[in-house]
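Q: Hi! I have a model open and would like to talk it through with you. Could you take a look?

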Protein chains: 2
Amino acid sequence: MAKPVSERAELLLLLGEVFRAHGYEGATLALISEATGLGKGSLYHFFPGGKQQMAAEVLDEIDRWFEINIFAPLRDSDDPGRAVAAMIEAVDDYFRSGRRVCLVGVIALGASREPFAAQVHDYFARWHDALAAVLKRSGFSASVARRRSEDALLTIQGALVLARGRDDAKIFGRAMAELKARLLAPSR
Amino acid sequence: MAKPVSERAELLLLLGEVFRAHGYEGATLALISEATGLGKGSLYHFFPGGKQQMAAEVLDEIDRWFEINIFAPLRDSDDPGRAVAAMIEAVDDYFRSGRRVCLVGVIALGASREPFAAQVHDYFARWHDALAAVLKRSGFSASVARRRSEDALLTIQGALVLARGRDDAKIFGRAMAELKARLLAPSR
DNA sequence: GTCTATAAAGCGATAGAC
DNA sequence: GTCTATCGCTTTATAGAC
């Protein structure tokens, strides 16, 4: 009996946590094997491309999750206030209120970012576009909408870095609360 | 003739660039050897504690640089407008307008952050304190001063992550320009 | 103080039995 | 599909000549 697709998704979820916790280089096959309960043989059966394929598929899975839960709702919304609030709630949920780190950011800053550069770039670009679109629809000029969206993305990433660096997840919560107000504040 | 201290500082500068470019794990002794022109024997002569000592001393050197060029001027200033402008200029210079990454942030997000957790925490805490002090002196309440300073730190870190992730250094410049205005804007 | 040689361990990846 | 055994390589670190 073939392994259902849903189980591969669960496997990718576990892999994602290992990559988040240890970085791409730090996530050794031994750690991955331990976290998934799968031997190296099984891992290479699922991912003939080895560690790089594992990380690439994890990034794809993350992209899929954000597309469904963040990007699409943003694009489809005609109520910017609700859309922004929903985005921040989903983001807070996804990053466990600052206790979970962003794998895309980890890869972006990490040593082996080149193989994943296109995926990283796309993730940020699509988020940026989706958020800017809803802000523009709410009456902001295209340039203000794009500038504010960029600010939102970098605030989320920076809050995760600072929260981890100071080992204080509350930093993330404060940043998200202020971001919400800032994103929809009247234009100057 | 003993090697002057100034040359060790230059060595730490080179080491810092290797760690920034490749991360802690990715900075192999081979790469370090190539970048410094020193064989492994010499490297272990200078750093008996190996790679971990190298990174720890690089972080110390970074801390010293920020203390002199950023933290102290912030603390000593009685003109918040000038102090903030000078800080942002120094930061823009240090991070090469977004083309250079923050090693402290890289370590904070990286796999081997534990050995350096105290240094990372201190770097952010001292910056936070120094910036909040100058804002408070300019008339903001203690809580507004601290919240805005936290926002400044996370904006810098996030801008560096996003600039690298999207491979667009201009993101950093835009973020710094807006940060300057936001830091000193009248309190709501 | 700098080098080469090498140790000892860990790495990603592969082979092949079951 | 899953496992064990192992290859070939790279890693950090050490030893010792110069």
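Q: Which residues of α5(B) are buried?

A: The buried ones are P80(B), A83(B), V84(B), M87(B) and V91(B). Buried here is a count: 20 or more other C-beta atoms lie within 10 Å of the residue's own, while 12 or fewer makes it exposed and anything in between partly exposed, with C-beta atoms placed from the backbone. Helices are DSSP runs (H or I, at least four residues), as strands are (E, at least two), numbered from the N terminus.

Q: Before we go on, where does the model come from, and how is it numbered?

A: This is a predicted model; local features need pLDDT of at least 70, side-chain atom pairs count only at pLDDT 80 or more, and totals for chains, interfaces and linings use all residues. Residues are numbered from 1 along each chain as its sequence is written, and chains are lettered from A and ligands numbered from 1 in the order in which they are written.

Q: Thanks. Back to α5(B): which exposed residues sit on the face turned away from its buried side?

A: That face carries R82(B), E89(B) and D93(B).

Q: And what covers the buried residues of α5(B)?

A: The cover includes α4 (50-76), α7, α8 and α9 of chain B.

Q: What span should α5(B) have, and what does the model give?

A: Its 15 residues (80-94) should span 21 Å at 1.5 Å a residue, and the end C-alpha atoms are 21 Å apart, which agrees. The expected span is 1.5 Å times one less than the number of residues.

Q: What follows α5(B)?

A: R96(B) does, with a positive phi near 50°. R96(B) is a residue other than glycine and lies in the loop between α5 and α6 of chain B.

Q: Is R96(B) buried or exposed?

A: R96(B) counts as exposed, because it has 11 C-beta neighbours inside 10 Å. Chain A has a positive phi to look at too: D167(A), also not a glycine, is near 55°. D167(A) is in the loop between α8 (142-165) and α9 (170-184) of chain A, and it is exposed, with 12 other C-beta atoms within 10 Å.

Q: New topic: how many residues does each chain bring to the contact?

A: Chain B brings 38 residues and chain A brings 36. Two residues are in contact if their C-beta atoms, placed from the backbone, lie within 7 Å.

Q: Which helix gives the most to chain B's side?

A: α8(B) does, with 14 residues. By class, that side of chain B has 18 nonpolar, 11 polar and nine charged residues. Ala, Val, Leu, Ile, Met, Phe, Trp, Tyr, Cys and Pro count as nonpolar, Asp, Glu, Lys and Arg as charged, and the others, Gly among them, as polar.

Q: Which residues touch the most other members of the largest nonpolar core?

A: A159(A), V104(B) and A159(B) do, in a core of 112 residues. Such a core is a set of buried Ala, Val, Leu, Ile, Met, Phe, Trp, Tyr and Cys residues joined through C-beta atoms within 7 Å.

Q: What does A159(B) touch?

A: Leaving aside neighbours within four places in sequence, A159(B) contacts L154(A), G98(B), I171(B), F172(B) and A175(B).
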